Amino acid sequence: MRTAYSVETVRAAERELMARLPDGALMQRAAAGLAAACADLIGRVYGSRVVLLVGSGDNGGDALYAGARLARRGAAVAAVLLAPERVHAGGLAALLRAGGRVVGTGADAGSTAGAAAAAGVGAVEEAILRADLVVDGIVGIGGKGGLRPDAAQLVVLVAESGAPVVAVDLPSGVDADTGEVRGAAIRADLTVTFGTHKPGLLIDPAREYAGSVRFVDIGLGEVLPAEAELEALQHVDVARLLPVPGAESDKYRRGVVGIAAGSARYPGAAVLAVSGALRGGAGAVRYVGPAGGAVVSRFPETLVSDQGPAKAGRVQAWVVGPGAGDDAATVAEVLDADVPVLIDADGLRLAERDVVRARSAPTLMTPHAGEAAALLGVAREEVERARLASVRELASRYGATVLLKGSTTLVLDSAGGAVRVNATGTPWLATAGSGDVLSGLAGSLLASGLSALDAGSAAAYLHGLAGRFAADGAPAGAHDVAEAIPGAWRDVRD
Ligand SMILES: NC(=O)C1=CN([C@@H]2O[C@H](COP(=O)(O)OP(=O)(O)OC[C@H]3O[C@@H](n4cnc5c(N)ncnc54)[C@H](OP(=O)(O)O)[C@@H]3O)[C@@H](O)[C@H]2O)[C@@H](O)CC1
Ligand SMILES: [K+]
């Protein structure tokens with residue numbers, strides 16, 4: 001399991017650890033890891049041109065000490081100082097001792113102007129445009145709000161230069177706790193993060209700015225609390241969750257999932273939800289709704305009923321909503337059942353909030369950003385900008401477990417706790433019907449006994465992986481994704 005902790009938690013752990021260690025020890029560990037990562041990225045250190053962007057905090061200090069290490073290995077290292085009068089003094093001294101230099105306004109230690117001040121801008125620009133590597137030490141977990149204008153100007157120059165960029169701890173300009181990006185931010189090829197991942201490194205849009213992420217252990221793990229703010233399941237975690245039938249299992253013991261989906265207008269949604277459900281571990285799939293003919297002709301193993309959910313026979317979990325149109329009565333009937341219910345698509349719009357809140361069996365809601373926005377009464381962009389806040393707000397308003405779909409899917413249990421983030425997806429998954437497959441898959445896992453949190457996060461993981469396998473770099477339809485689920489399941493189990 002990969003975990004991420006908020007800035008507040010990191011600060012507390014950092015204080016505790018620092019109290020036990022000699023001064024500066026943590027920064028030296030960070031700088032050593034950072035320098036090694038930079039060297040790996042550029043390949044040949046000797047003779048390479050490295051530019052450090054140095055803010056006035058410890059993030060800049062990390063960059064300076066790492067720069068000193070690279071300079072000792074023969075790199076030509078130039079530091080651009082955003083606030084020369086408040087630069088990390090030890091770090092700067094180390095860089096200068098190792099043969100590094102200060103470029104631009106930073107050369108004028110008396111200047112209070114930023115790096116973009118007219119006097120030094122030419123030299124700064126030239127250094128950045130000619131760099132083999134840019135190290136972003138503008139700001140780390142101490143960043144507040146969008147980048148200030150002088151820092152934002154450096155971001156533009158770095159983007160123009162096209163040089164590889166290593167971000168120190170976080171790409172400057174992204175919010176460490178939320179993954180939000182306000183205004184300019186560094187786009188890194190690699191982010192070297194210390195002690196623990198920060199939520200922003202795992203949640204879009206910030207995740208995209210981080211590039212690949214390399215973790216440097218500075219010993220913080222021993223003082224971090226057991227529960228993280230964010231968890232990202234890995235293969236081994238998902239493998240532990242997936243149901244395995246025993247020798248005594250029959251279809252009923254493995255669980256029956258009921259799919260109440262589709263309409264005369266959208267029969268395909270029913271077929272796709274069933275296609276996901278058949279690959280999700282339940283022993284049988286029951287279908288209720290007007291698309292029974294289409295479902296059975298594609299999947300003859302489905303148990304079809306036209307009696308409505310209450311009379312359809314026993315199920316251990318329901319999926320309601322994909323392609324449901326305006327059939328509010330079916331949604332209400334399903335919500336009345338005392339078994340776990342997954343609500344998706346049209347069902348999200350049709351479900352009464354008070355009814356959802358009053359349910360005693362688990363409820364799993366699976367909106368995409370547009371649906372979440374409609375439920376919250378905000379613009380879609382607002383949800384995409386602030387995914388973490390959105391999933392929290394929805395879970396609290398509905399008293400339900402919420403899976404917010406997207407490039408990084410977030411799942412939050414109705415009782416709170418760590419948010420699970422899933423990043424196995426691929427942009428190719430943004431295709432019609434893909435969500436219907438996910439709802440069937442998650443519903444099937446619910447029916448086989450997983451909690452709403454585990455069913456949602458394991459389904460998102462498998463679905464994302466199946467999307468990758470199905471697409472393999474080319475467009476794929478939702479039915480291809482469903483067909484790739486067994487391969488994803490095997491990949492996880494092996
Ligand atoms: N955690 C650990 O165990 C370890 C942490 N370590 C490292 O320390 C880092 C945290 O250092 P930190 O606390 O000094 O804060 P940091 O990120 O440098 O930022 C503060 C500076 O940024 C400025 N600034 C703020 N907002 C800004 C904006 N929008 N735009 C522009 N500037 C802005 C702010 O200016 P001010 O508000 O003071 O004017 C202040 O000068 C952490 O990320 C990691 O790299 C490692 O050494 C190993 C151990
Ligand atoms: K940074």
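**Reading helices, domains and a ligand shell**

Visitor: At roughly what angle do the axes of α2 and α3 cross?

Guide: At roughly 55°, and the two axes come within 8 Å. That makes α2 oblique to α3. Remember that this is a predicted model.

Visitor: Which hand does the crossing of α2 and α3 have?

Guide: The crossing of α2 and α3 is right-handed.

Visitor: Which residues of α2 and α3 meet?

Guide: Read one helix, then its partner. From α2, the list includes Met-27, Gln-28, Ala-31, Leu-34 and Cys-38. From α3, it includes Asp-58, Gly-61, Tyr-65, Arg-69 and Leu-70. Next, sort the contact by class. The α2 and α3 contact has 11 nonpolar, two polar and three charged residues.

Visitor: How is α3 turned relative to α4?

Guide: Start with the angle again. Helix α4 covers residues 89–97, and it packs against α3 at about 15°. Their axes are 8 Å apart. That makes α3 roughly parallel to α4, because angles under 35 degrees count as roughly parallel. Now the hand: α3 passes α4 in a left-handed crossing.

Visitor: Which residues of α3 and α4 meet?

Guide: On the α3 side, Gly-60, Gly-61, Leu-64, Tyr-65, Gly-67, Ala-68 and Ala-71 take part. They meet Gly-91, Leu-92, Ala-94 and Leu-95 of α4. By class, that contact divides into seven nonpolar, four polar and no charged residues.

Visitor: How do helices α9 and α19 cross?

Guide: Helix α9 spans residues 267–277, and helix α19 spans residues 478–493. Their axes come within 9 Å and cross at roughly 15°. The two helices are therefore roughly parallel to each other. The crossing is left-handed. Leu-272, Ser-275 and Gly-276 of α9 make the contact with Ala-478, His-479 and Ala-482 of α19. Three of these residues are nonpolar, three are polar and none is charged.

Visitor: Now the whole chain. Which domains does the assignment give?

Guide: Domain 1 runs over 2–229, and domain 2 over 235–493. Taken over C-alpha atoms, 41 Å separate their centres.

Visitor: How many residues of each domain are in contact?

Guide: Count both sides. On one side are 11 residues of domain 1, and on the other 13 residues of domain 2. The domain 1 side has four nonpolar, two polar and five charged residues.

Visitor: How many residues surround ligand 1, and which are the closest?

Guide: There are 29 in the shell. The closest are Gly-57, Asp-58, Asn-59, Gly-140 and Gly-142. Then ask which elements contribute. Those that give two or more residues are α1 (7–20), α2 (25–42) and α3 (58–72). The largest share, four residues, comes from α3. By class, the ligand shell has 12 nonpolar, 11 polar and six charged residues.

Visitor: What about the backbone? Is the peptide bond from Asp-204 to Pro-205 cis or trans?

Guide: Check omega. Here it is near 5°, and the bond is cis. Pro-205 lies in the loop between β7 (190–194) and α7 (206–210).

Visitor: Is phi of Asp-169 positive or negative?

Guide: Positive: phi is near 70°, in a residue other than glycine. Look for Asp-169 in the loop between β6 (165–168) and β7.

Conventions: Residues are numbered from 1 along each chain as its sequence is written. Chains are lettered from A and ligands numbered from 1 in the order in which they are written. This is a predicted model: local features need pLDDT of at least 70, side-chain atom pairs count only at pLDDT 80 or more; totals for chains, interfaces and linings use all residues. A residue is near a molecule or strand if its C-beta atom, placed from the backbone, lies within 6 Å of it. Ala, Val, Leu, Ile, Met, Phe, Trp, Tyr, Cys and Pro count as nonpolar, Asp, Glu, Lys and Arg as charged, and the others, Gly among them, as polar. Domain bounds come from an automatic or database domain assignment. Two residues are in contact if their C-beta atoms, placed from the backbone, lie within 7 Å. Axes are lines fitted to C-alpha atoms, for helices over the stretch in contact, and angles run from 0 to 180 degrees between N-to-C directions. Angles under 35 degrees count as roughly parallel, over 145 as roughly antiparallel, 65 to 115 as roughly perpendicular and the rest as oblique. A crossing is left-handed if the near helix is turned anticlockwise from the far one by less than a right angle, and right-handed if clockwise.
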